[in-house]
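I am opening my notebook to write down what I look up in this structure, one topic at a time.

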Amino acid sequence: MEETFKNRFNVAAFLMPQFWSIGNHVWIGLLAFIPILYPFIAIYLGLYGSELAYERGSYYNEDGFYEYQRKWTIASIVYAIVLVLIGYFAFREPLGNYIANKHNLNKVISTGEKAEERLTEEINVLLESKEIKQVLDAHEYTIEQELTFNDDLDSLDNSNFSTYHYLSRGRIEYENPRISSAGIDYQVSNTEGFSLVFFVDDEYELSKVRYVYRNGDTAYVTDPLLSKEQIQKLLKD
């Protein structure tokens, strides 16, 4: 066989090495049935398949071998097209679900994160108000826990609910994450402390601020330090 043909890339041996190898008595191609070996066998037979097949076959002449390989090439292209079509129709809907759900999930998480960024800025403004400063100035304290939000962002961002398997099963209607409150904990002594709790409504607006005094396991809740109207006025000023 001519050297140029021996070096020609064998498309059929590359596209379906396991089946081509049976028809051409190149038994190493059966290793392609092992998924992890498939790409290596496909590349190897694509490069050297023609030479191996010619040596193991019984052909009257090279033209007969060329014609036989041409038929295998046509069959392999049809095989590849069929696989692509099957894959397309099998994965079109799940993949579409995954893309749409992932987009919507990221959107609602981003909505919650942006809301918390804005609320943090507003809370910092309120911490400078005289009503809250009077409470803080009445104690010698250390900050036990910095500003923390009570929300469901962590559950939305849970890895179990963001996998391809979960997101591809069907379209999911996401609601904006709930942010119910935010709080700062202060420690006065080993047994005493207090918290400032900033309540948030469904529109992500601060609705009131409460002072909660703690002594051991007992908590005392006062009337709101700031009402929604007072908060809005302070933020506007």
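Which helix gives the largest share of the negative patch? I found that helix α5 (residues 62–126) supplies three residues of the patch, the largest share. Before going further I noted that the model is predicted, so that local features need pLDDT of at least 70 and side-chain atom pairs count only at pLDDT 80 or more, while totals for chains, interfaces and linings use all residues. Residues are numbered from 1 along each chain as its sequence is written, and side-chain values use heavy atoms, with hydrogens and water left out.

**Negative patch.** I listed Glu113, Glu117, Glu121, Asp154 and Asp157 as the residues that form this surface patch. For a patch, residues need over 30% relative accessible area and no salt bridge, and like charges are joined within 9 Å; a salt bridge is a side-chain nitrogen of Lys or Arg within 4 Å of a carboxyl oxygen of Asp or Glu. I then looked up Glu113, which is found in helix α5 and is partly exposed, with a relative accessible area of 42%. I wrote down the scale as well: buried means under 20% relative accessible area, exposed over 50%, and partly exposed in between, with a 1.4 Å probe and protein chains only. Helices are DSSP runs (H or I) of at least four residues, and strands (E) of at least two.

**Aromatic rings.** Rings of Phe, Tyr and Trp (its six-membered ring) pair if their centres lie within 6.5 Å, and planes under 30 degrees apart count as stacked, over 60 as edge-to-face and the rest as tilted. By this rule I have 14 aromatic pairs in my notes. The pair of Tyr68 and Trp72 is edge-to-face, because the ring centres are 6.5 Å apart and the planes stand at 80°. Tyr68 and Trp72 are four residues apart in helix α5, and therefore separated by about one helical turn. Tyr68 is partly exposed at 28% relative accessible area, whereas Trp72 is buried at 16%. I next looked at Phe194 and Tyr211, a tilted pair with 5.5 Å from centre to centre and 40° between the planes. This pair links distant parts of the chain, since Phe194 is in strand β3 (residues 192–200) and Tyr211 in strand β4 (residues 206–215), 17 residues apart.

**Positive phi.** Is Tyr204 buried or exposed? Tyr204, in the loop between β3 and β4, has a phi near 60°, a positive value in a residue other than glycine, and I recorded Tyr204 as buried at 11% relative accessibility.

Terms used:
Patch = residues over 30% accessible without salt bridge, like charges linked within 9 Å, V, L, I, M, F, W, Y side chains within 5 Å. Areas by Shrake-Rupley, 256 points an atom, 1.4 Å probe, with all protein chains shown as cover. Lys, Arg positive; Asp, Glu negative; His and termini not counted. Charge placed at Lys NZ, Arg CZ, Asp CG, Glu CD.
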